[in-house]
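Subject: Structure handover

Hi,

Here is the structure I promised to pass on. My notes follow below it.

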Amino acid sequence: MDAPGEAPFTPGRDPRGLGSVLENLTADLGWSSTLAKSQLIISWADVVGPDIAARTNPVAIEDNTLTVACESTAWATQLRLMSSEILTKILQKFPEADVTGIRFQGPNAPSWKRGPRSIPGRGPRDTYG
C-alpha cells in the first residue's frame, strides 16, 4: 500500500509554483539569511538611493555588521551620522539578513609600514636629509 500523499489524487499531490518550492527549500536548508544578505548588497541603491549609492559600495557583511566603502572621508562621516536611518531601512526591507550595525570607511591612505614589524619613530622622513 502506498504511503499517505504518494497515491494519485490524494491531498498534497497538487502541483506547486516554483517560487513556493524554492522558498521552502531555502528555509529547509537554512539559506534564508545568506540569500537576504546577498540581496541587500545587490539592491543597495534601493535602500540608500541613487546619489548615495553612486558614492558608496557595500563591501561585506561580517559578524552582523555591514561594511560600506565610501569615496571620501567626508561621505563616510556624513553617512555615520545617518547610520540609524539606513539601518532602519535595512531592517524593514531585509529582516532575514540579521544586520545589526553598519561601518562606513573612507578611502585607504597609503601606508609607510612594510612587513610584520615596525619601529617607532619618525618613519620615512628620517631618510630625506
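First, a term: buried means under 20% relative accessible area, exposed means over 50%, and partly exposed lies in between (1.4 Å probe, protein chains only). This is a predicted model, so local features need pLDDT of at least 70 and side-chain atom pairs count only at pLDDT 80 or more, while totals for chains, interfaces and linings use all residues. Residues are numbered from 1 along each chain as its sequence is written, and side-chain values use heavy atoms, with hydrogens and water left out.

**Overall**

The protein chain has six helices and three strands. Helices (H or I, at least four residues) and strands (E, at least two) are DSSP runs, numbered from the N terminus. Their order from the N terminus is α-α-α-α-β-β-α-α-β. Of the 129 residues in the protein chain, 23% are buried. The chain exposes about 9,700 Å², and carbon and sulfur atoms supply 54% of that. Those areas come from the Shrake-Rupley method with a 1.4 Å probe; for residues, only the protein chains shown count as cover.

**The sheet**

Three strands form an open sheet in the order E1-E2-E3, with mixed pairing. Two strands pair if DSSP finds at least two bridges between them. E1 and E3 are the edge strands, each pairing on one side only. On average, neighbouring strands are turned by 25° against each other, direction ignored. E1 and E2 are antiparallel, with six bridges. Among the bridge partners, Pro58 goes with Val68 in E2.

H5 packs on this sheet and touches E1, E2 and E3; its direction makes about 160° with that of E3. H6 lies across E2 and E3, at about 130° to E3. Axes here are lines fitted to C-alpha atoms, for helices over the stretch in contact, and angles run from 0 to 180 degrees between N-to-C directions.

**Thr56**

Thr56 sits in strand E1 (residues 56-62). Why does Thr56 count as buried? Because its relative accessibility is 8%. Its bridge partner in E2 is Cys70. The Thr56 side chain makes a polar contact with the side chain of Trp44 at 2.9 Å. It also reaches the backbone oxygen of Ile52 at 2.8 Å. A polar contact is a pair of N or O atoms within 3.5 Å; within protein, one must be able to donate a hydrogen and the other to accept it, and residues adjacent in sequence count only if both atoms are side-chain atoms. Leaving aside neighbours within four places in sequence, Thr56 is in contact (heavy atoms within 4.5 Å) with Trp44, Val68, Ala69, Cys70 and Leu79.

**The core**

A nonpolar core is a set of buried Ala, Val, Leu, Ile, Met, Phe, Trp, Tyr and Cys residues joined through side-chain atoms within 4.5 Å. The largest one has 21 residues, and those with the most contacts inside it include Leu40, Trp44 and Leu66. Elements giving two or more residues to this core include helix H2 (32-42), strand E2 (65-70) and helix H6 (83-93). Not counting residues up to four places away in sequence, Leu66 touches Leu40, Trp44 and Ile90, among others.

**Two loop residues**

Asp63 lies in the loop between E1 and E2. Asp63 has a positive phi of about 55° although it is not a glycine. It counts as exposed because its relative accessibility is 75%. Asp98 is in the loop between H6 and E3. Asp98 also has a positive phi, about 55°. Asp98 is partly exposed, with a relative accessible area of 40%.

Best wishes
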